[in-house]
Amino acid sequence: MKKYLILLFTVLTSLHVSAQSDGSQLWLGKQYANSCQVISQLPDDATAKIAKQELENNWRGKNVELKIDKALNLGEGYNIYARPAQQGDNIQYEATITASNPIGLLYGAYELIRLQNTDAYNTGSGKQQNFSKTIDETEKPQVGLRILNHWDNLDGSIERGYAGKSIFKWEEIKLGKNGKGGSISKSLHDRLITYARANASLGINGSVLNNVNASPKMMTAEYINKVKIIANILRPYGIRVYLSINFASPMALGYTKTADPLDKKVQQWWKKKAKEIYATIPDFGGFLVKANSEGQPGPGDYHRTHADGANMLADAVKPYGGIIMWRSFVYGANHKGEDRVKQAVSEFKGMDGKFRDNVILQSKNGPLDFQPREPYAPIFDNIKQTPQIAELQITQEYLGQSKHLTYLAPMWKEFFGFVNPDRLVGISGVANIGDDANWCGHPFSQANWYAFGRLAWNPSLTAEEIAHEWLVQTYENQDERFTKPVEMMMMTSREACVNYMMPLGLHHIFKFDHHYGPEPDGFIASYPLEWCPVYYHKADAQGVGFDRSSKGTDAVGQYPEPYRNLYDNIETCPEEYLLWFHHVPWTYKMKSGSTLWQELCMKYNMGVAMVEVYRDFWHTSAKQFMKGHEQEWQHTDSLLNVQLENAKEWRNTCLKYFQTFSKMKIYE
Ligand code: BDP
């Protein structure tokens with residue numbers, strides 16, 4: 001008997017080892033065989049069924065009741081009522097989830113599981129819990145549109161994607177005769193189910209499947225029919241599908257001679273196309289458009305305005321309830337020579353009020369381009385009548401890509417400190433998802449996907465709460481000797497990145513094109529100045545920084561008070577934005593009493609020192625808390641060494657370069 005037990009034990013332990021996590025399960029954790037009973041008298045509904053199944057697989061309470069009460073008007077929200085119930089010697093939770101529709105139930109189910117897995121209502125952890133609290137929580141999402149923007153190309157590559165190729169493997173979707181019907185490979189299907197679960201667990205309810213630099217091919221019947229198959233998989237999880245379009249699609253596909261939005265044939269083509277799309281995908285969300293920006297076609301090619309272009313498309317999708325998300329990320333075309341950070345407001349302010357009611361203006365959080373730190377984009381103040389979406393970048397284009405541990409929630413919270421989410425109808429995030437086994441490249445980059453979804457649902461959650469939630473669910477360990485220091489790493493990592501890359505308001509001093517390493521001396525005569533780092537830092541013998549004050553380009557003039565004055569005056573301008581708004585002498589006295597030059601050296605050194613602390617903690621102390629996650633520990637361990645080397649390179653390159661102007665000694 002003993003022999004068999006030992007054998008069984010060996011088999012079980014080896015199973016445990018071979019089931020080591022590679023990060024592919026995200027924060028969704030392992031499933032437990034469970035005795036939880038789900039009581040529901042719901043109609044036959046795919047979404048409600050998923051809610052039931054998720055609870056059965058993942059909730060360790062006694063029973064849970066699912067109820068629909070339309071009169072409560074909870075929208076996509078829910079109420080959770082959970083209380084401890086005595087059962088013999090055991091205490092087990094009972095819960096009721098009430099919602100106005102099935103998707104509310106699903107979101108409520110994920111929240112209940114999250115509360116359990118983050119120990120929000122238990123003291124002690126693991127199986128033997130010590131229940132005490134009653135939970136009565138009603139949640140509704142802050143904004144209606146919580147959307148991932150995939151910058152994925154049809155050939156499988158991803159613009160600014162650092163985790164392998166696109167997860168949307170179009171070649172694995174095979175269409176039937178005449179483009180109808182069709183099948184999808186099992187691996188793609190399974191991957192999309194995990195993707196959908198992960199998004200639904202956060203409340204993400206939309207997905208733009210392709211790059212804003214869009215291929216006209218996306219509008220062909222072939223792709224629309226393939227999109228239908230993806231939409232069918234995502235729908236039960238409450239996720240609507242949207243597409244980016246190339247504004248010149250009808251012309252590029254050979255149907256029209258122009259893409260002029262006022263041309264009748266062009267208008268008809270889009271109307272017919274919308275009809276075809278909605279006949280195929282009845283709940284299709286709408287189009288995302290990058291027009292007349294960085295070489296993309298647009299209404300400007302025909303001397304028409306962005307409003308002309310957006311309205312033409314808006315009319316086409318209007319009968320079906322579709323929306324147009326029109327991006328304000330434009331520079332160059334109509335405003336040559338103007339400070340780039342002013343151009344979105346210059347272009348769109350006069351158009352406010354001229355858009356159809358199903359057009360939404362989508363703008364990046366900062367006025368330049370997803371830098372590690374920017375002041376908020378004043379377009380959010382200047383546009384008053386047109387609904388707006390904030391576009392955040394989850395993929396770390398300018399923040400170390402998938403090599404640096406940079407937790408972005410503090411940056412997004414900073415933005416929401418300036419732009420009240422009440423003013424927004426949606427929050428979009430440029431996805432960092434690829435086909436790497438762990439989805440996002442760096443194990444910690446998953447935390448940014450997680451944080452995006454949680455903040456889009458509820459921007460008042462703190463960055464700390466979200467880091468904690470992600471960490472304990474992902475690594476299944478609540479030991480404070482692990483969680484506290486790792487949360488500290490996450491929470492300070494964005495500031496560390498700002499410090500070792502571009503402190504005190506410096507910006508865009510990245511290596512040309514790939515935006516990874518430093519290139520403060522970057523200048524290529526044949527490129528637009530706006531692509532050259534020297535245009536942004538303007539270092540000279542006197543000092544460094546871009547004068548955007550009222551004496552300079554007057555970018556401060558686009559801000560309302562109190563910011564306008566605050567930023568305009570070098571004495572009151574917050575130091576983190578100093579070189580963004582002012583050209584500052586090297587000897588300028590900072591608040592610390594140091595000169596600008598000393599402070600710059602100090603910040604760069606501090607950035608490096610912080611990464612050193614992360615690397616040392618992780619290497620010496622984190623592993624013991626990551627049983628079953630050794631592979632992820634190892635991966636992060638090696639990446640932290642890369643990050644440290646990169647941080648040093650940033651510091652050395654930038655300080656040596658700026659020293660050629662300041663002529664002062666570099667402080668170590
Ligand atoms: C920049 C990226 C570029 C994108 C562009 C955009 O470098 O690849 O196409 O933004 O947002 O950040 O359209």
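Colleague: What should I know before reading the numbers?
Modeller: The model is predicted, so local features need pLDDT of at least 70, side-chain atom pairs count only at pLDDT 80 or more, and totals for chains, interfaces and linings use all residues. Residues are numbered from 1 along each chain as its sequence is written, and side-chain values use heavy atoms, with hydrogens and water left out.

Colleague: Which domains does the assignment give?
Modeller: Domain 1 (37-116 + 133-139), domain 2 (145-462) and domain 3 (501-546 + 583-662). The bounds come from an automatic or database domain assignment.

Colleague: How many residues of domain 1 are in contact with domain 2?
Modeller: 15 residues of domain 1 are in contact with 15 residues of domain 2; contact means heavy atoms within 4.5 Å.

Colleague: And what area is buried between domain 1 and domain 2?
Modeller: About 1100 Å², with carbon and sulfur atoms giving 48% of that. Buried area is the accessible area (1.4 Å probe) that two parts lose on being put together, summed over both. On the domain 1 side, Y107, Y110 and R114 supply 44% of the area buried against domain 2, more than any other three residues.

Colleague: Switching to helices. How do α18 and α19 cross?
Modeller: The axes of α18 (residues 596-622) and α19 (residues 630-662) come within 9 Å and cross at roughly 170°. Axes are lines fitted to C-alpha atoms, for helices over the stretch in contact, and angles run from 0 to 180 degrees between N-to-C directions. Helices (H or I, at least four residues) and strands (E, at least two) are DSSP runs, numbered from the N terminus.

Colleague: What does that make α18 and α19 to each other?
Modeller: Roughly antiparallel, therefore; angles under 35 degrees count as roughly parallel, over 145 as roughly antiparallel, 65 to 115 as roughly perpendicular and the rest as oblique.

Colleague: What about α13 and α14?
Modeller: The axes of α13 (residues 463-475) and α14 (residues 480-501) cross at roughly 125° and come within 10 Å. The two helices are therefore oblique to each other. Residues making the contact include W470 and Y475 of α13, and F482 and M490 of α14.

Colleague: Which peptide bond is cis?
Modeller: The bond from E561 to P562, with omega near 10°. P562 is in the loop between β18 (543-544) and α16 (563-568).

Colleague: And what is phi of N73?
Modeller: Near 50°, a positive value in a residue other than glycine. N73 lies in the loop between β2 (63-68) and β3 (78-87).
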